[in-house]
Amino acid sequence: MLEKMSDFFENRLEGYDEHMMTEIESADEFYPFTAAQLPDGEEGCVLDLGWGTGLELESYYLRCPSAKVTGIDLSTGMLDALRKKFSEKDITLVVGSYFDVPFGEEMFDAAVSVESLHHFTKEEKLPLYAKLCGALKEDGYFVLTDYFAASDEEEREYRQDLIALKKEQGITDDEFYHYDTPLTVKHETEALLEAGFSSVEVLKNWGATFTLKAIK
């Protein structure tokens, strides 16, 4: 049965970190790699979209212990766990959907998201990415690590499967349900560029998981 996005993560809080680090291929590599792309220095401000328990921050705080990070997540349980994990850090926790929460204008030096944005269509991402681009300072950038569909056909199949499941289960609302519908790297790049980013670069990949860097 499909679960609403917030319910899915609340129901899996226990053992979440262990699952992500042991069951997701190359997670022990792509989390530190992503953290290494974030700003050096003590004054940098970072926005984290869907940061869960903050796995991407563990390596970042080793390098920049005084970094200022604002994170948004739907799950209060995840954020409570993150607060305990980084109780002495300069973090701002925001409970809500990053589609709805205002980011402000030219507030952040960088933004990051890891394994969170593979549930949405290109059309759904466009306004989010436009808002994100506006929230970055001049020369700011967005680091996205996520897994992607290998082809247009695979991308369509994921989306069609979700539509069929919602119909089968009588789901008619417009809320987000947890089901993986990754875009191709090409379509993700197109969404970022159409939203206002000036360039997008593939930094590295581990199988179907890629790290992209989009510069304002």
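User: Is Glu175 buried, partly exposed or exposed?
Analyst: In this predicted model, the side chain of Glu175 meets that of Lys4 in a salt bridge, with 3.1 Å from N to O. The relative accessibility of Glu175 is 41%, and since buried means under 20% and exposed over 50%, Glu175 counts as partly exposed.

User: How many residues apart are Lys4 and Glu175, the two members of that pair?
Analyst: The side chains of Lys4 and Glu175 form a salt bridge. The pair links distant parts of the chain, with Lys4 in the segment before α1 (5-10) and Glu175 in the loop between α7 (152-168) and α8 (185-194), and their separation is 171 residues.

User: Which parts of the chain does the salt bridge between Arg63 and Asp40 tie together?
Analyst: The closest N and O atoms of Arg63 and Asp40 are 2.5 Å apart. The two residues are 23 residues apart in sequence, so the pair ties together helix α4 (residues 55-63), which holds Arg63, and, on the side of Asp40, the loop between α3 (27-36) and β1.

User: What separation along helix α5 do Asp80 and Arg83 have?
Analyst: The side chains of Asp80 and Arg83 meet in a salt bridge of 2.9 Å, N to O. Asp80 is partly exposed at 36% relative accessibility, and Arg83 is partly exposed at 42%. Both residues lie in helix α5, and because they are 3 residues apart there, their separation is about one helical turn.

User: Which side chain of opposite charge is nearest to Asp48, and how far away is it?
Analyst: Asp48 sits in strand β1 (residues 45-49), where it touches, among others beyond four places in sequence, Val69, Ile72 and Val112. Asp48 is buried yet has no salt bridge, a bridge requiring a side-chain nitrogen within 4 Å of a carboxyl oxygen. The nearest side chain of opposite charge belongs to Lys85, at 11 Å.

User: Which residues have the most contacts inside the largest nonpolar core?
Analyst: The largest nonpolar core has 59 residues. Among the residues that Tyr129 touches beyond four places in sequence are Leu117, Phe142 and Leu144. Those with the most contacts inside the core are Tyr129 and Phe142.

User: What is the radius of gyration of the protein, and what does the globule rule give for 216 residues?
Analyst: The protein has 8 helices and 7 strands. Its radius of gyration is close to the value that the globule rule gives for 216 residues, so the protein is as compact as a globular protein of that length, and both values are 17 Å.

Conventions
Residues are numbered from 1 along each chain as its sequence is written. This is a predicted model: local features need pLDDT of at least 70, side-chain atom pairs count only at pLDDT 80 or more; totals for chains, interfaces and linings use all residues. Side-chain values use heavy atoms; hydrogens and water are left out. Helices (H or I, at least four residues) and strands (E, at least two) are DSSP runs, numbered from the N terminus. Buried means under 20% relative accessible area, exposed over 50%, partly exposed in between (1.4 Å probe, protein chains only). Lys and Arg count as positive and Asp and Glu as negative; His and the chain ends are not counted. Contact means heavy atoms within 4.5 Å. A nonpolar core is a set of buried Ala, Val, Leu, Ile, Met, Phe, Trp, Tyr and Cys residues joined through side-chain atoms within 4.5 Å. The radius of gyration is taken over C-alpha atoms; the globule rule is 2.2 Å times the number of residues to the power 0.38.
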